[in-house]
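Open the model in your viewer and keep the selection tool ready. The tour goes from one stop to the next.

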Amino acid sequence: MRTKSDPKLIYDVGMHNGDDTAYYLWRGFRVVAIEPNPELVATAANRFRREIEAGYLKILNVGIAAEEGELPFWLCQTDSRLSSFDRHVASLGYAVHEIRVLCRKFRSILDEFGVPFYLKVDIQGNDFLCIEALDPGELPKFLSVEFALSDMPLVALMHERGFSQFKCISQAHFLPLELPPVAEARLIQRAERLSQTRNTLIRVFRKLGGGCWIQRQFNRLRTRNGWVFPAGTSGPFGDELPGRWLSYEELCMTAREFLRLRQEDPQTLLWAPEGLGCNPFWADLHARSD
């Protein structure tokens, strides 16, 4: 028998600067936020002082690892989002330095705080540990994890745990990677081309007010019910997401097709730009368990 998730609880695993946590609190959820970087934790503790005192937010200054105890953690000095237990990952932003952080197994956190309604994971390299720790009999209703389209073993793990429906959301504009593309994707693709072309007439159009129109197309996709998602955030989740939920088989086929399209014409999918390393898209994979 499946244990129900707490409908008012969200885990923000990889809190970073707290912008995702701020949205979840604004929505009325209680939040358990996990962040190994002590400087980011100190800043968030000040930012959310009232919510912490009121019991709506618990911040854990720990890392998620396969074993408990202190481990070396690499802080990326040029982009704190890349900080990782994997020095290679952190070094994608060049300058790094090492600190020691206390680590916990994710299972111990689930046992302490319960199964959340939504589990957001973005921890640069150890994301899979959070998925492995989930019991098929007690799953969050919704889950999201940073995702490379080529990382199909992660999808298989999620499916094995009991997640049956998926949406791959490009983080450039919070649009679903599905075929045929949703209407908003075609509009954003057109806006991207208008913003980048060096065509003389289009450049005049941008100077005469067209640039404002182009920017509005981008901005409206970052707004939900009056909330504007800052750059770098995970954005909406669950039933707020655009597009349709895909089965495991549909997601696998869609990922293969997008990778093929990228190989054929890199300019075809400007609304899903290249990410770091071998990841052709900056995307989050969302899943639901019911």
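Where does P180 lie? Select P180: the residue is in the loop between β10 (175-176) and α8 (183-196). Helices here are DSSP runs of H or I with at least four residues, strands are DSSP runs of E with at least two, and both are numbered from the N terminus.

Before moving on, note that this is a predicted model, in which local features need pLDDT of at least 70, side-chain atom pairs count only at pLDDT 80 or more, and totals for chains, interfaces and linings use all residues. Residues are numbered from 1 along each chain as its sequence is written, and side-chain values use heavy atoms, with hydrogens and water left out.

A cis peptide bond links L179 to P180, with omega at about -5 degrees.

Most peptide bonds are trans, and most residues other than glycine have a negative phi.

The next two stops concern phi. Select H16, in the loop between β1 and α1 (19-26). H16 is not a glycine, yet its phi is positive, about 55 degrees.

Go on to Q124, in the loop between β7 (116-121) and α6 (127-132). Q124 also is not a glycine and has a positive phi, near 50 degrees. Its relative accessible area is 16%, so Q124 counts as buried (under 20% relative accessible area, with a 1.4 Å probe and protein chains only).

Last, select D12 in strand β1 (residues 6-13). D12 is buried because its relative accessibility is 0%. Show its contacts (heavy atoms within 4.5 Å): leaving aside residues up to four places away in sequence, D12 touches D20, T21, Y24, V31, V32, A33, I34 and K120.

Methods:
Buried means under 20% relative accessible area, exposed over 50%, partly exposed in between (1.4 Å probe, protein chains only).
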